[in-house]
Amino acid sequence: MEQIKWKELLMKYKIQIGVAAVVLVIVIAALAGGGGSSAGQENTEETQQAQESEAEEQEPNILEENSHASIERLIQKYCECMANGDVEALEEIVDVLTDEDKESIASRAAFVEAYENVTCYTKNGPVDDSFIVFVCYDMKLINIETSAPDIICLYVGPKDESGNRLIHYGGIDESMQAYVAELEKDPEVQALYDDVRTRYQQAQEQDPTLAEFVQRISGQMAEE
């Protein structure tokens, strides 16, 4: 199957300016029914017990707040690069950055003044020493007094031989998509998105200038 880019997956989990919608990932479990033999039932019970035992042995993937200094520094630099449209500096901390990406970043930076109150919530990634980071921040827009709450999800890979990490923008497979979707089921992660969405709506209600900007950007996005 053709791979999609990580940033395309992130768009599914991001509350953007002008997009007040949350994507709900629904997993439907198929349950096998019917009356099998007693031996089959015993095998099923043994399998279930083995799965439960294995789940108990695994350490829980807890959502942590600002608990990894190196991750926080990396994300802070990422936010500064995005706000300034500094694609050269950004290329040093992401794995892939296309010309299309650079144009999009420059366009976005034209109306963003800064990313404030940046908070990193992390969960362990799919490989050792990797992280899925839910980044909450307030987006200060140029000439608009009220900041817009926002949240993005980033995949930060393990340290390389020099001790550096990269934020992944490149292709990902179905297993990564499934991994992120599973993390999204965590009530604490859902609470993060709910909180940002609520504050995002409140900000627009309190500041008509922000609401007008959001409507204008929404219209442009719809046209594109």
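In this predicted model, the count of aromatic pairs comes to three. One of them is formed by Tyr115 and Tyr137, whose rings are arranged edge-to-face, at 4.8 Å centre to centre and with 80° between the planes. This pair links distant parts of the chain, since Tyr115 belongs to strand β3 and Tyr137 to strand β4, and the two residues are 22 residues apart. Both partners lie below the cut-off for burial, which is a relative accessible area under 20%: Tyr115 counts as buried because its relative accessibility is 10%, and Tyr137 is buried because its relative accessible area is 3%. Another of the pairs joins Phe134 and Tyr193, whose ring centres are 6.3 Å apart and whose planes stand at 85°, so that this pair, too, is edge-to-face. Here again distant parts of the chain are linked, with Phe134 in strand β4 and Tyr193 in helix α7, 59 residues apart. Phe134 and Tyr193 are both buried.

The surroundings of Tyr115 extend beyond its aromatic partner. When neighbours within four places in sequence are left aside, Tyr115 is in contact with Cys79, Met82, Ala83, Arg108, Tyr137, Asp138 and Met139. With Arg108 there is a polar contact between the two side chains, at 3.2 Å. Arg108 lies in helix α5, which covers residues 99-109, and Arg108 is itself buried, its relative accessible area being 17%.

Helix α6, which spans residues 174-184, has as its buried residues Met176, Val180, Ala181, Leu183 and Glu184. Seen down the axis of α6, these buried residues fall within an arc of 160°, and they therefore line one face of the helix. An α-helix has 3.6 residues a turn, so residues three or four places apart point the same way. On the other side of α6, by contrast, Glu174 and Ser175 are exposed.

Methods. Residues numbered from 1 in each chain as written. Predicted model: local features only at pLDDT ≥ 70, side-chain atom pairs only at ≥ 80, totals over all residues. Heavy atoms only, no water. Helix = DSSP H or I, 4+ residues; strand = E, 2+ residues; numbered from the N terminus. Buried < 20%, exposed > 50% of the residue type's maximum accessible area, 1.4 Å probe, protein only. Polar contact = N/O pair within 3.5 Å; in protein donor to acceptor, adjacent residues only side chain to side chain. Contact = heavy atoms within 4.5 Å. Arc of directions from axis to C-beta. Phe/Tyr/Trp six-rings, centres within 6.5 Å; stacked < 30°, edge-to-face > 60°.
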